[in-house]
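Subject: A structure for you to explore

Hi there,

Here is the structure I promised to pass on. Please open it beside this email and follow along as you read.

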Amino acid sequence: MSVQSIGIIMNGVTGRMGANQHLKRSILAIILQGGVKCADGTTILPRPLLVGRNAAKLEALAGECGNLPWTTNLDAALADTAYTIYFDAQTTDARAEAVRTAIASGKHIYCEKPSAGNLADALDLYRRAVKAGVKHGVVQDKLWLPGLQKLRTLRERGFFGRILAIRGEFGYWVFDGSVSPPQRPSWNYRKEDGGGIILDMLCHWNYVLRDIGGGVRAVSCLGATHIPRRWDESGAPYDATADDAAYATFQLDNGIIAHFNSSWNVRVRRDELLTIQVDGTDGSAVAGLRGCWIQPAAQTPRAVWNPDLENPHDYFRDWQEFGSNQSFDNAFKSQWELFLKHVVNEESFGWDLRAGAQGVQLAEKGLESWRERCWLEVPALG
């Protein structure tokens, strides 16, 4: 068995997502487990270099994670041949320029979504990476959530029969910061900084819907900025210029209709912060981040509409939990392991910068649909 060390430049990991999901729960977890084992017996051991603009935050995070190397000089990091992968978890507006520079430096690319703030830039990154001959991937973490993996298992088993419709509910109440501190960074609510829930979440729903039911062929989307004034991390008020809610309907391949509500202004009364219901001719399933409940056609109750009487039927009891005895790894870590195998061992990886561009395309079409108040076709990318 051989061990192959691979250097990873991790840019933007002082943020919540980068620090928790990508650094601590993915890369450090992989190091602690002894690396990633490949089919040919090779073990891949990642070696991170932390990069960012705030030296104090970088130093503190590096110390917390075992005195990792860090720098505020991205150009110097990209010039270092000891590091062959560039990972980007910066704010969306800063990503495209940094990824272009990394591609020009010959680095393999792995980045958060959206891969860019617009389709033109997202496609440009994809084409540059192909021309440079570097490996590339985009984070599409929800595919490895336990609930979504259980939905995939049901689809592969033919549980649904013909899928008719998909319905998603996502979000929670994000405090505006006036009294209670907000749970999300303030740039998320400023369009000029790359914020907005349509750009953020429609990139997710694109690959989720593609995995469950097929590619998106058309979209109708209505956005809103329900809370126009918020307070930032320092307690200073600011105008929220980006959309904080999106109500989108999608037409998929095979005639499937999907609808997703995404909102930072909703109080949760459902099993999890994300729930996805899939209805088919032979059965239905509701999946959350981790759990999944099913109702086969044979166990479907006969509902009768009568609003004048108290309904004695408990509809929740008609559902049975599916896959409760299965165990799953962290979703971000699972995709990281696949990407590392792809870079080192040529193993297949289907979530590249083109897939990232598809997500940006759907978000862009969603924003255009909102502006024009109309349905829009989503053409296949060339």
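Below are some notes on its rings, a helix and a few backbone details.

This is a predicted model, in which local features need pLDDT of at least 70, side-chain atom pairs count only at pLDDT 80 or more, and totals for chains, interfaces and linings use all residues. Residues are numbered from 1 along each chain as its sequence is written, and side-chain values use heavy atoms, with hydrogens and water left out.

Let's start with the rings. A search of the whole structure gives 14 aromatic pairs (rings of Phe, Tyr and Trp, the last by its six-membered ring, with centres within 6.5 Å; planes under 30 degrees apart are stacked, over 60 edge-to-face, the rest tilted). One of them is edge-to-face: Phe-170 and Trp-264, 5.6 Å centre to centre with 75 degrees between the planes. This pair links distant parts of the chain, 94 residues apart, with Phe-170 in strand E8 (residues 163–171) and Trp-264 in the loop between strands E13 (257–263) and E14 (274–280). Helices (H or I, at least four residues) and strands (E, at least two) are DSSP runs, numbered from the N terminus. Both Phe-170 and Trp-264 are buried (under 20% relative accessible area; exposed is over 50%, partly exposed in between, with a 1.4 Å probe and protein chains only).

Ring pairs also join Phe-87, Tyr-110, Trp-144, Trp-336, Phe-339, Phe-349 and Trp-351 into a cluster.

Now look at helix H7 (residues 197–212). At 1.5 Å a residue, its 16 residues should span 22 Å, and its end C-alpha atoms are 22 Å apart, which agrees (the expected span is 1.5 Å times one less than the number of residues). Of the 16 residues in H7, 15 are buried. Just after H7, Gly-214 has a positive phi of about 135 degrees.

Last, some backbone details. Lys-113 and Pro-114 are joined by a cis peptide bond, with omega about -5 degrees; Pro-114 sits in the loop between strand E6 (108–111) and helix H5 (119–132). Asn-67 is not a glycine, yet its phi is positive, near 60 degrees. Asn-67 counts as exposed, because its relative accessibility is 67%.

Enjoy exploring!

Best wishes
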